Amino acid sequence: MKAFAYAKAPDLAAALAAIEDPGTSVIAGGTEMVNWLKEGIATPERLVDINGLPLDGIDARPEGLRLGALARMSDAAPVVAAEYPVLAESLLCAASPQLRNMASLGGNLLQRTRCPYFRAEVLLPCNKRAPGSGCAARHGETRTQAIFGWSDACVATHPSDFAVALAALDATVIIVGPRGERTVPVTGFYRLPGDDPTVETVLAPDELVTAIDVPAGPHTRASHYLKVRERASYEFAMVAVAAALAHDGGVVTDARLALGGVAARPWRLDRTEAALRGVSLDDTEALRAAVAASFAEARPLAGNAFKVKLAQRATLRALTTAGSRGMVAS
Amino acid sequence: MIAAIGGLRRPDGAAKLTGAADYAADTPVDGVTHAALVPATVATGRIAHIDTAAAVRAPGVLAVLTHTDMPRLKTIGSPPLGQSVLPLQDDTVRYEGQPVAMVLAETFEQARRGAELVRATYADVAVPRAFGDGESVTPRPGLISGNPAGRVGDVEAGLAAATTVVTATYTTPNRHHSPMEPSATVASWHGDQLTVHESTQWVFGTQMALAAAFDLPADHVRVVCPFIGGGFGCKGFVWPHTLLAAAAARVTGRPVKLVLTRAQMFTSCGHQPATTQTLTLGTDDDGRLTAVRHHSVNPTSTFDDYAENATGGTRWMYASPAIDVAVLVEHTSRQTPTPMRAPAEGLGMFALESAMDELAYALRMDPVELRLRNEPAVDPMTGQPFSSRPLPDCLRAAAQRFGWSGRPAEPRSMRDGDELVGWGMASVTMDTFRLPSSARVRLQADGRTIVEAGTQEIGTGLPGVLTTIAAQTLGVDPGSVEVHHGDTDLPETSGTFGSSATMGVGSAVAAAATELRDKLDALAGTGAYPRRLADAGLDSLDAEARWDPAERGEGRSIHTYGAIFVEVRVDPDLGLVRMPRCTATYAAGRIINPLTARSQMIGGIAWGYGQAMLEESILEPQLGRFLSKNMAGYLVPVCADIGDIDVSFIEDPDTDASPLGAKGIGELGAVGVSAAIANAVFHATGIRVRDLPISIERLLNPVWDAPTPTTRP
């Protein structure tokens with residue numbers, strides 16, 4: 001680990017001023033940053049600690065949720081459990097209780113991939129760690145890598161569960177920087193790798209995530225987060241599905257679906273969502289066909305073709321579980 | 001004779017729970033220097049150049065040592081060394097992760113930063129040799145537990161006479177021990193006296209290796225290790241870091257502390273090698289075996305032949321007129337493998353007990369009945385009588401506790417909601433490693449009894465076991481007994497491996513306590529021993545004794561046994577398996593402490609669950625490195641994975657094994673779990689998984705294999 005300076009930001013203005021310097025990184029819960037420091041993934045000159053900023057509110061309002069970027073995962077989960085089960089489930093099936101007590105919601109969105117080549121204790125061929133060094137994973141161990149949206153430069157997936165649930169609920173990220181405040185949908189917050197996998201989000205180096213807005217709606221109660229993994233707890237998703245539905249007497253009027261563990265960003269299933277409108281939740285064949293509509297564009301790698309099948313089955317399961325909740329729709 | 005007293009709580013428990021127990025890296029040493037290793041980043045080649053300039057300039061760095069300035073070390077061979085290649089002795093790179101330099105600094109952080117700044121470049125870098133690419137060869141003698149090959153009867157004739165033959169290939173992956181406490185060494189020299197605080201399963205082996213490396217008499221080397229934060233085999237032998245810390249301390253003239261990083265734990269102290277095992281079983285119409293063939297091949301390093309004795313249990317498990325077992329090795333680019341809980345049978349019984357299940361389906365016979373029909377009267381390969389053979393009792397007892405009799409035989413015949421339910425079972429066995437040990441017992445006039453033995457406490461509860469034995473033998477209160485352990489200045493004991501400590505050290509303590517009791521009884525007067533000591537004008541009286549297993553058991557086939565039954569729930573859509581319950585019954589000699597014995601078996605079953613469902617260390621073929629050197633990439637079970645575990649014992653005192661009647665127990669619980677789970681998964685799904693771990697993709701295929709191995713008319 002390279003030595004670095006450390007300071008606490010007394011207020012938002014001071015934090016923003018500090019990160020105008022490109023050698024300065026932000027630390028909040030630290031559950032990711034400390035890993036990066038130890039493995040040499042991040043080598044900042046200075047860390048600015050933003051834990052003292054008043055950004056930890058968790059406000060449930062009729063029009064939706066406003067979740068402060070510094071709210072802890074374990075604090076947010078119980079507040080959103082009744083009206084937004086998909087969010088609570090995505091928070092509680094992530095990490096361990098100790099990590100959830102520390103990890104902030106903003107930091108959760110800014111996790112980096114668990115690709116084993118990227119996370120190695122030494123530098124391996126990885127365009128995300130060292131641009132131009134290649135992607136050892138592309139023709140290497142691909143079991144946990146992407147099936148959508150990857151490029152020859154990078155095949156990694158994003159590890160956040162919470163981001164997948166937010167993407168399904170059309171949440172937005174509030175960003176503050178020297179150019180003022182702006183709002184970005186979670187689905188547009190992440191970038192696909194393309195030629196430059198080092199840039200993972202639209203967040204500029206001099207900007208901070210301050211809050212997340214989640215709009216209310218008839219679909220948020222009939223929602224579910226299904227995480228598929230071999231270890232029963234404390235493991236990243238092989239495949240995950242966030243599903244939120246509005247339905248009228250079991251006939252889908254509105255469906256929102258996002259996948260985790262399959263791409264560098266939460267992967268919305270737009271075609272499936274469109275195909276589900278008017279479909280009865282009892283009609284398994286129609287549900288299956290609607291799900292399949294989004295998988296024609298799947299591009300599995302040598303070692304992860306099973307994820308295409310797994311993701312479709314998980315989507316079907318998540319849909320039916322979500323449909324069994326919140327019986328009456330708009 | 002010793003009787004179990006119902007489970008003494010661990011006398012060392014409070015110290016461990018509160019953090020008061022000292023582990024190697026906790027040892028306070030004045031003026032200590034911190035060391036960090038620089039591992040090779042290629043799997044095979046030669047060091048071209050090592051640029052130390054930036055590291056030497058870094059804050060706090062005192063020295064950077066490479067093969068050009070390390071003292072030449074002498075070897076004693078393996079064991080006690082884990083591998084024959086000594087560290088920093090030449091410019092050859094034989095495996096990824098091999099140390100190529102060591103940085104010494106004032107603080108741990110400075111040493112680690114210095115190590116990051118060392119730039120090594122390599123020449124003659126070749127494509128790593130991967131398992132499966134090369135030739136399988138008969139291992140040279142050395143790192144083998146047992147004979148690599150053996151044959152009795154005519155297997156071909158037995159197969160020709162068989163009416164049902166099952167043959168299949170089973171694989172197990174590379175695994176890493178991953179103890180919670182990483183290996184650590186604190187070394188200091190006083191003249192030509194070396195003191196080492198070490199996380200080791202064998203203080204005397206460490207002493208032997210260090211004395212040889214530095215050409216010293218053994219009594220010039222003291223090794224201290226009261227507690228180990230888990231070892232599971234990776235601290236059984238002596239590995240490069242221990243020699244490096246002691247050598248660096250000699251070079252710098254300052255005490256040196258070296259704590260391995262988690263990533264270095266994947267390349268510094270061995271691993272369990274993958275195995276590819278082929279099993280062939282032939283039976284007559286009644287399900288009686290006519291032939292058994294079990295061959296295994298495992299990868300080893302290019303420089304040592306570590307033969308994983310996976311076929312060991314097949315030698316004595318079932319009656320058959322013809323048995324053929326063989327272990328081969330293949331030379332690959334990796335560190336030398338080493339035993340890992342449970343070696344040998346822990347791997348081989350996955351194959352044998354899976355094959356027995358396949359055979360039971362081919363015969364349409366209950367798998368418990370198949371095993372009972374093949375119960376041998378004597379050891380089938382040696383003809384020796386068994387010292388005890390309570391396997392049928394274990395099978396029947398565990399089957400009854402589990403409720404096996406109601407099981408419908410057909411796969412996919414039990415369902416609960418979205419889940420398929422399956423029941424599976426396996427027989428369990430382990431070899432009994434009996435190793436000599438000494439101990440001293442002292443009774444003091446102040447009423448305290450002191451037990452002294454060099455042995456180290458690895459977490460199994462040995463101090464409680466020794467307390468129980470001494471208290472029972474002397475008839476004193478267990479609360480008055482103190483156990484001093486983990487120091488080569490104490491009486492010599494064997495390593496804490498091979499499930500041997502209770503039997504070996506326990507027998508030595510029993511012998512010493514018996515001798516002491518005789519001495520005390522010879523004193524004049526009556527009343528309690530402390531009073532009689534005082535009356536005789538003595539502060540204390542002691543006795544030392546050594547137990548040698550050669551004194552008994554000659555000509556006997558001595559092993560431990562058990563039976564395990566599991567229920568699995570399989571989500572066939574998602575390929576997920578969970579194990580809600582497990583029942584196991586063991587016969588492992590006299591159980592000295594039922595409380596810690598039960599803990600051992602529960603831990604073993606959880607460990608076996610990891611083998612079955614989660615653990616796999618991928619050796620990346622292009623890079624020749626273990627890919628994920630961290631606990632997020634190498635998965636071990638968590639509490640949420642482990643359902644209800646019902647453990648029971650069959651009282652089976654075996655005085656052929658030891659005078660206590662005790663036998664090895666620690667690793668037995670890890671055996672058979674993976675086969676029982678795989679067999680239950682087959683019962684649930686109709687999918688036969690012959691490759692561990694049982695991952696999602698192995699179960700996603702909805703087409704299930706009908707149980708139709710070859711059956712001849």
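Let me start with the crossing of helices H10(B) and H11(B), which is right-handed in this predicted model. Helix H10 of chain B covers residues 462-474 and helix H11 of chain B covers residues 501-521, and their axes come within 9 Å and cross at roughly 30°. Because angles under 35 degrees count as roughly parallel, that angle makes H10(B) roughly parallel to H11(B). On the side of H10(B), the contact is made by Leu462(B), Val465(B), Leu466(B), Ile469(B), Ala470(B), Thr473(B) and Leu474(B). On the side of H11(B) there is a list that includes Ala501(B), Val505(B), Gly506(B), Val509(B), Ala513(B) and Arg517(B). If we sort the residues of this contact by class, we find twelve nonpolar, four polar and one charged.

For a second pair, please turn to chain A, where helix H3 (residues 73-80) and helix H4 (residues 85-92) pack at an angle of about 150°, with their axes 8 Å apart. Are these two helices roughly parallel or roughly antiparallel? Since angles over 145 degrees count as roughly antiparallel, H3(A) is roughly antiparallel to H4(A). The crossing of H3(A) and H4(A) is left-handed, whereas the crossing of H10(B) and H11(B) is right-handed. In the contact itself, Met73(A), Ala76(A), Ala77(A) and Val80(A) from H3(A) meet Leu87(A), Ala88(A), Leu91(A) and Leu92(A) from H4(A). Sorted by class, this contact has eight nonpolar residues, with no polar and no charged ones.

Chain B has 15 helices and 28 strands, and its C-alpha atoms fill a box of roughly 80 × 80 × 50 Å along the principal axes. A compact globule of 713 residues would have a radius of gyration near 27 Å, and the 26 Å of chain B agrees with that. Of those 713 residues, 60% count as buried. When we consider the contacts in chain B with a separation of 6 or more, residues 24 or more positions apart account for 83% of them.

Chain A has eleven helices and twelve strands. Its radius of gyration is 20 Å, close to the 20 Å that the globule rule gives for 330 residues, so chain A is as compact as a globular protein of that length. Along the principal axes, the C-alpha trace of chain A spans about 60 × 50 × 35 Å, and 52% of the 330 residues count as buried. Among the contacts in chain A between residues at least 6 apart in sequence, 64% join residues at least 24 apart.

Not counting residues up to four places away in sequence, Val100(B) touches Val38(B), Ala40(B), Ile47(B), Ile50(B), Thr66(B) and Ala120(B). Val100(B) and Thr41(B) are 59 residues apart in sequence and 9.5 Å apart in space, C-alpha to C-alpha.

In chain A, Asp213(A) lies in strand S8, residues 208-215, and this residue is buried, with 21 other C-beta atoms within 10 Å. Leaving aside neighbours within four places in sequence, Asp213(A) is in contact with Gly64(A), Leu65(A), Arg66(A), Ala171(A), Thr172(A) and Ile174(A). Asp213(A) and Cys126(A), on the other hand, are 87 residues apart in sequence and 34 Å apart in space, C-alpha to C-alpha.

Conventions. Residues numbered from 1 in each chain as written. Chains lettered and ligands numbered in written order. Predicted model: local features only at pLDDT ≥ 70, side-chain atom pairs only at ≥ 80, totals over all residues. Axes fitted to C-alpha atoms, helices over the stretch in contact; angles between N-to-C directions. Helix = DSSP H or I, 4+ residues; strand = E, 2+ residues; numbered from the N terminus. Parallel < 35°, antiparallel > 145°, perpendicular 65-115°, else oblique. Left-handed = near helix turned anticlockwise from the far one by under 90°. Contact = placed C-beta atoms within 7 Å. Nonpolar A, V, L, I, M, F, W, Y, C, P; charged D, E, K, R; others polar. Rg over C-alpha atoms; globule rule 2.2 N^0.38 Å. Buried ≥ 20, exposed ≤ 12 C-beta atoms within 10 Å, placed from the backbone.
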